[in-house]
Amino acid sequence: MIRRLAARAFWSLSRWKLDSQPAPSRPTLLIGAPHTSNWDFILMLGIAWRLGIEVHWLGKDSLFSGWRGPIMRAIGGIPVDRSDPSSIVADVVGRVQAGEVFGLVVTPDGTRGAHTHWKSGFYRIARETGLPVTLGYVDRTTMRTGLGPTLDLTGNLDQDMDRIRAFYADKAGFHPDQRVEPRLREEEAAD
């Protein structure tokens, strides 16, 4: 209740327009892209809270140290050790297979740095758990943000990523010059 009220207040005062498809009716893996600023994260939480989606998000374990830890966990954070990426996927898959029901926000284009590819963990998690993927977006050029379609991944990496690329083709993050094309290294390996 408090989250929804905070989100309503945020959207009523924000310069950004919430322009969203309806919230998915089942747990989903929510992609937040393009991720070029910490503001993108705030917008994704605002979307989820406004639409009543219970979400968790993955964050580097250093965000959870000291006084920040309880706050980060209270807003859905799950600390991860990024030195072992395979354990992150295994942990999330294990939680879902153990019966935990939640949505998960991921930013596959990584940590707002000089990356050339998206990280593939979201794809592996979705395929191994059967969770659909909801395409959340931020578009600085239109000052709109929201949720796009929810996709069930087919396992055909090229086709799945082509659908994702088509959706994000005209979207630019908070810092458009830092946008990373939705492409996985695994796509190149398959060619």
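Pairing here needs at least two bridges found by DSSP, and the elements are DSSP runs numbered from the N terminus, with helices being H or I of at least four residues and strands E of at least two. In β7, L18 has T145 as its bridge partner.

Some housekeeping. This is a predicted model, where local features need pLDDT of at least 70 and side-chain atom pairs count only at pLDDT 80 or more, while totals for chains, interfaces and linings use all residues. Residues are numbered from 1 along each chain as its sequence is written, and side-chain values use heavy atoms, with hydrogens and water left out.

Now walk across the sheet. It's open, has seven strands with mixed pairing, and the order is β1-β7-β6-β2-β5-β3-β4. β1 (17–18) and β4 (77–80) sit at the edges with a single partner strand each, so one side of each has no neighbour in the sheet.

Next to β7 comes β6, and those two run antiparallel, joined by six bridges. V138 stands opposite T145 in β7. Their hairpin has four residues between the strands, and M143 there takes a positive phi near 60 degrees.

On we go to β2 (residues 29–33), which pairs with β6 (residues 133–139) in the parallel sense over five bridges. A33 has Y137 as its bridge partner in β6. Helix α6 (residues 157–168) packs on the sheet here, touching β2, β6 and β7 (144–151); touching is a contact, meaning heavy atoms within 4.5 Å. The α6 direction makes about 25 degrees with that of β6, using lines fitted to C-alpha atoms, for helices over the stretch in contact, and N-to-C angles from 0 to 180 degrees.

What about helix α5 (residues 121–129)? G121, F122, Y123, I125, A126 and T129 are buried there, buried being under 20% relative accessible area with a 1.4 Å probe, protein chains only. Just after α5, G130 takes a positive phi of about 80 degrees.

Finally, the whole protein. There are seven helices and seven strands, and 46% of the 191 residues count as buried. The radius of gyration is 16 Å, which agrees with the value near 16 Å for a compact globule of 191 residues; that's over C-alpha atoms, with the rule being 2.2 Å times the number of residues to the power 0.38. And among contacts between residues at least 6 apart in sequence, 69% join residues at least 24 apart.

Methods: Buried < 20%, exposed > 50% of the residue type's maximum accessible area, 1.4 Å probe, protein only.
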